[in-house]
Amino acid sequence: MGESLGTVISVRGAAQRAVEPDSAVLTCGITSTRPAKPDALKAAADALNHLRDALDVLGGVPLTAETGRSMLTWSAHSARTYIEREFQAKTGRHEPTGQVVASVELNLAVRDFGLLERLGAVLAAHEDLHVFHVAWLVDDDNPTWPAVRAEAIRAAVQQARHYAAALGGSLSRIEQLADAGLLGEIHEIRPVRTAAAAHGLAGGDSGDVPSLDPVPQTIAAAIDARFIADAMSIDDT
């Protein structure tokens, strides 16, 4: 028999860190209700134009491929109309009210958190606008990512060394390294980024404007690695 080349040790390494977010994305909607569809659409368009003007004062620009990393961007990405219905106790059904609702969905992305207070005041001042969700995001090229991935590699090396030492041996070299799940049947731990949600900032007559405070995000990395250890025998343990 030929000489043994060593023992293969397969492990997973994982690491995570808390970092400050790079941007906030606000999912918003404008709704207008009128007796006729053209009037509802016009009211929604007017409300959107007023919001755009207010965002322009803050330095906001429409979202394009070139403006994606501007300090404040907006995108009105869908619009629809529908007949308003209300539940009627007499019939037990949702019946038309005779009104038509026009709605516009838009996203606001903020990268300059110094604008958050002023932006909150703008949004609260618009009667027809509501904020449904706020997500705090970390960029794919955030400088912390390489550090977290390096920590995941170090964790894998340490774990493999523990296994080798438990068998009375030591690591000789690394054979393979890959993102978690790419080396076979190791239970997968997906790299994650968390996004904290917030609700509120509905337009209307409000004295105090709710504040938006950047929420630290947890970013994580996981890798699979295979190492070669000195040839070992179970009889030696």
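Seven bridges connect strand 7 with strand 8 (residues 217-229), and the two run antiparallel. Before we start, note that this is a predicted model, in which local features need pLDDT of at least 70, side-chain atom pairs count only at pLDDT 80 or more, and totals for chains, interfaces and linings use all residues. Residues are numbered from 1 along each chain as its sequence is written, and side-chain values use heavy atoms, with hydrogens and water left out.

## Exercise 1: the elements

Task: State how many helices and strands the chain has, and in what order they run.

Solution. Step one is the count: the chain has three helices and eight strands. Helices (H or I, at least four residues) and strands (E, at least two) are DSSP runs, numbered from the N terminus. Step two is the order, which from the N terminus on reads β-β-α-β-β-β-α-β-α-β-β.

Step three looks at the contacts, where contact means heavy atoms within 4.5 Å. Among contacts between residues at least 6 apart in sequence, 81% join residues at least 24 apart.

## Exercise 2: the three-stranded sheet

Task: Work out the strand order of the open sheet that three strands form, and find what lies across it.

Solution. Begin with the rule: two strands pair if DSSP finds at least two bridges between them. In general, strands of a sheet pair through backbone hydrogen bonds, either parallel or antiparallel. Here the order is 1-8-7, with antiparallel pairing. Strand 1 (7-19) and strand 7 (171-179) are the edge strands, each pairing on one side only. Neighbouring strands of this sheet are turned by 30 degrees against each other on average, direction ignored.

For a landmark on the pairing, find Leu 171, which stands opposite Ala 229 in strand 8.

Helix 3 lies across strand 1, strand 7 and strand 8, and runs at about 145 degrees to strand 1. Such axes are lines fitted to C-alpha atoms, for helices over the stretch in contact, and angles run from 0 to 180 degrees between N-to-C directions.

## Exercise 3: salt bridges

Solution. A salt bridge is a side-chain nitrogen of Lys or Arg within 4 Å of a carboxyl oxygen of Asp or Glu. By this rule the count comes to eight salt bridges.

Take Arg 12 and Asp 224, whose side chains meet in a salt bridge (2.5 Å, N to O). Arg 12 is in strand 1 and Asp 224 in strand 8, 212 residues apart. Arg 12 counts as buried because its relative accessibility is 11%. Asp 224, at 0%, is buried too.

Now take Asp 139 and Arg 69, which meet in a salt bridge at 3.6 Å, N to O. Asp 139 sits in the loop between strand 6 and helix 3, and Arg 69 in the loop between strand 3 and strand 4, 70 residues apart. Asp 139 is buried, with a relative accessible area of 11%, whereas Arg 69 counts as exposed because its relative accessibility is 52%.

Finally, widen the view: Arg 69, Arg 111, Asp 139 and Asp 141 are linked in a network of salt bridges.

Methods
Buried means under 20% relative accessible area, exposed over 50%, partly exposed in between (1.4 Å probe, protein chains only).
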